[in-house]
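Good morning, and thank you for joining. Please have the sequence and the coordinates open before you.

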Amino acid sequence: MKTGKEQIETVFIANKNPLLVAFTVAGDPDYETSLNIIREMAASGADIIELGLPFSDPVADGPVIQCADIRAMDAGMNTDRLFDLVRDFRADNETPVVILTYANLLIRRGISRFYADAAAAGVNGVVIADVPFEESDPFTRAAKESGIAPIMMVSPTTTEERITEIVSKAAGFIYLVAVMGVTGARTGVEHSAIDLLKRVKAKTSVPVAPGFGISTPEQVQEWAKQGADAVIVGSAIVRRIEEHIGDPHAIITAVGEYIRNLKQA
Ligand SMILES: O=P(O)(O)OC[C@@H](O)[C@@H](O)c1c[nH]c2ccccc12
């Protein structure tokens, strides 16, 4: 059987066009609707699902995802429930799942235990929003032991030297932070990010996926043209959930329609 990390690699190899990584906060607005949202994202063409494990102090997140974190926590989401959610999704779906969260939640559970439980639930990769490269070793090691891809981040301010070190530890894909600041939809594609994509790709064969501020089909097309291996879209999806709170059916329709639009691009 393939490890979680190998399943991510397989999806990249099987697709010539850039992949779509679709983010949502686990348990937003509630467990059942969230499960239906991730099923719909996969059915509408998302190649990888990125699930945010909500945290009380999400320093890298903008207002849209912060509010989603609060909705999900109020509805009872936590680490155990996250793994239940992945397990329920896995009952009939093989789309790779990457968890996005903050270091505190891994440390609180015990780093090894977090990765072992994640692997048992069917998680393929883990991104930690607030661990600098210098402190990433215990996480990367535990990820490796569990067959989970440690997804590493690079940003426009990362030095050449650091990029070299980061890509040497990376697996699954590399998360290219396309704009400085917090998560949230923006327009256009910054030159510094395109330049960063070229610099990272020159150093590694691990796929590179820009995220932060991507929301329009035009941006997706631009990234495809520039040679991105995937694009990551978060806040724009979460915004569609927020717009239809109280109407689960409308949430699913809006998310599905939006994903299909991006996928076409
Ligand atoms: O929301 P945006 O701008 O589309 O960016 C993707 C992002 O949502 C997702 O990958 C993410 C959500 N929270 C994060 C925290 C850090 C890094 C990345 C993330």
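This is a predicted model: local features need pLDDT of at least 70, side-chain atom pairs count only at pLDDT 80 or more; totals for chains, interfaces and linings use all residues.

Let us begin with α11 and α12, which are roughly antiparallel to each other, because angles over 145 degrees are assigned to that class. Their axes cross at roughly 155 degrees and come within 8 Å. As to handedness, α11 passes α12 in a right-handed crossing.

Sorted by class, the contact of α11 with α12 has 6 nonpolar and 2 charged residues, and no polar ones.

I turn next to the connection between these helices. The loop between α11 and α12, the latter spanning 248-264, contains H244. Is H244 buried, exposed or partly exposed? There are 17 other C-beta atoms within 10 Å; a buried residue would need 20 or more and an exposed one 12 or fewer, so H244 is partly exposed. Setting aside residues up to four places away in sequence, H244 touches A250, I251 and A254. With A254, the separation is 10 residues in sequence and 8.3 Å in space, taken C-alpha to C-alpha.

Now to the ligand. The shell around the ligand has 20 residues, of which A60, A129, T183, G234 and S235 come nearest. Elements that give two or more residues to this shell are β2 (48-52), β8 (230-233) and α11 (235-243). By class, the shell divides into 11 nonpolar, 7 polar and 2 charged residues.

Helix α2, residues 31-43, packs with helix α4, residues 79-90, at an angle of about 45 degrees, and their axes are 10 Å apart. On the α2 side, the contact is made by Y31, S34, L35, I38 and R39; on the α4 side, by R81, L85, D88 and F89. This contact of α2 with α4 has 5 nonpolar, 1 polar and 3 charged residues.

That concludes my presentation, and I welcome your questions.

How values were computed:
Residues are numbered from 1 along each chain as its sequence is written. A residue is near a molecule or strand if its C-beta atom, placed from the backbone, lies within 6 Å of it. Helices (H or I, at least four residues) and strands (E, at least two) are DSSP runs, numbered from the N terminus. Ala, Val, Leu, Ile, Met, Phe, Trp, Tyr, Cys and Pro count as nonpolar, Asp, Glu, Lys and Arg as charged, and the others, Gly among them, as polar. Axes are lines fitted to C-alpha atoms, for helices over the stretch in contact, and angles run from 0 to 180 degrees between N-to-C directions. Two residues are in contact if their C-beta atoms, placed from the backbone, lie within 7 Å. Angles under 35 degrees count as roughly parallel, over 145 as roughly antiparallel, 65 to 115 as roughly perpendicular and the rest as oblique. A crossing is left-handed if the near helix is turned anticlockwise from the far one by less than a right angle, and right-handed if clockwise.
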